[in-house]
Amino acid sequence: MPPGPFFWPVIGNLSLFSGQYYYTFIELARKYGDVFSLKLGMTDVVVLNSLDVVKEAFVKDGVAFAGRPKLLSMDILTEGGKDIAFTDYSPTWKLHRKLFHCAIRGYALGESLESKVHESLKDIIAEFSSMEGQPVDPEDYLYKLVYNVICSA
């Protein structure tokens, strides 16, 4: 870990922050350099505090910095990290990103998102109609609808 200020057990460096946080980061960068570490609660954090350092980290060595921290709240909200925003870098994340980019590229070229949604929605409505009177869990059907829209680009 890069150098950083002393931290207290449990609260870490939270006592350093009050009011305008950016002043705290400026002072810490003067003392420890453009890359320093903090402990926020029980979580270790590395701070990149200049444009050159950020470019080096995310552009020149992007894969090394592509991970996401494991947070219980995000695991609950994303059912174990099953989304593109809070999933750690992995082959699954790369596939999700590729599908997302293909879909967005298709819509950016003039295809109507609304028409794709209506087209996929017709299939889901037909499936619901065939189940008349039976209880249905719509979650799987909503996922199917979203995947159909994304993959039809």
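# A chat about a predicted chain

Modeller: Of the 153 residues of this chain, 21% count as buried, where buried means under 20% relative accessible area, exposed means over 50% and partly exposed lies in between, with a 1.4 Å probe and protein chains only. This is a predicted model, in which local features need pLDDT of at least 70, side-chain atom pairs count only at pLDDT 80 or more, and totals for chains, interfaces and linings use all residues. Residues are numbered from 1 along each chain as its sequence is written, and side-chain values use heavy atoms, with hydrogens and water left out.

Biologist: What is the average pLDDT of the chain?
Modeller: The chain averages 83, and 95% of the residues score at least 70; pLDDT is the predictor's confidence in each residue, from 0 to 100. Among the elements of the chain, strand E1 has the highest mean, 92, while helix H4 (residues 91-108) has the lowest, 79.

Biologist: And how many helices and strands are there?
Modeller: There are six helices and two strands, and from the N terminus on they run α-β-β-α-α-α-α-α. Helices (H or I, at least four residues) and strands (E, at least two) are DSSP runs, numbered from the N terminus.

Biologist: How do E1 and E2 run?
Modeller: They run antiparallel, with six bridges joining E1 to E2 (residues 43-48); two strands pair if DSSP finds at least two bridges between them. Leu40 has Thr43 in E2 as its bridge partner, and in the hairpin of E1 and E2, which has two residues between the strands, Gly41 takes a positive phi near 70°.

Biologist: Where else is there a positive phi, in a residue other than glycine?
Modeller: Val10 has one, with phi near 70°. Most residues other than glycine have a negative phi. Val10 lies in the segment before helix H1 (21-32), and Val10 counts as exposed because its relative accessibility is 59%.

Biologist: Which residues make up the largest nonpolar core?
Modeller: The six residues are Phe17, Leu28, Ala29, Phe36, Leu38 and Val47, and H1 and strand E1 (35-40) each supply at least two residues of this core. A nonpolar core is a set of buried Ala, Val, Leu, Ile, Met, Phe, Trp, Tyr and Cys residues joined through side-chain atoms within 4.5 Å. Phe17 touches Thr24, Phe25, Leu38 and Leu40, not counting residues up to four places away in sequence.

Biologist: Changing topic, what radius of gyration does the chain have?
Modeller: The chain has 23 Å, whereas a compact globule of 153 residues would have one near 15 Å; the radius is taken over C-alpha atoms, and the globule rule is 2.2 Å times the number of residues to the power 0.38. Along its principal axes the C-alpha trace spans about 65 × 40 × 30 Å.

Biologist: How far is Leu95 from Gly12?
Modeller: Their C-alpha atoms are separated by 37 Å, and the two residues are 83 residues apart along the chain. Leu95 lies in helix H4, and Leu95 counts as partly exposed because its relative accessible area is 48%.

Key
Contact = heavy atoms within 4.5 Å.
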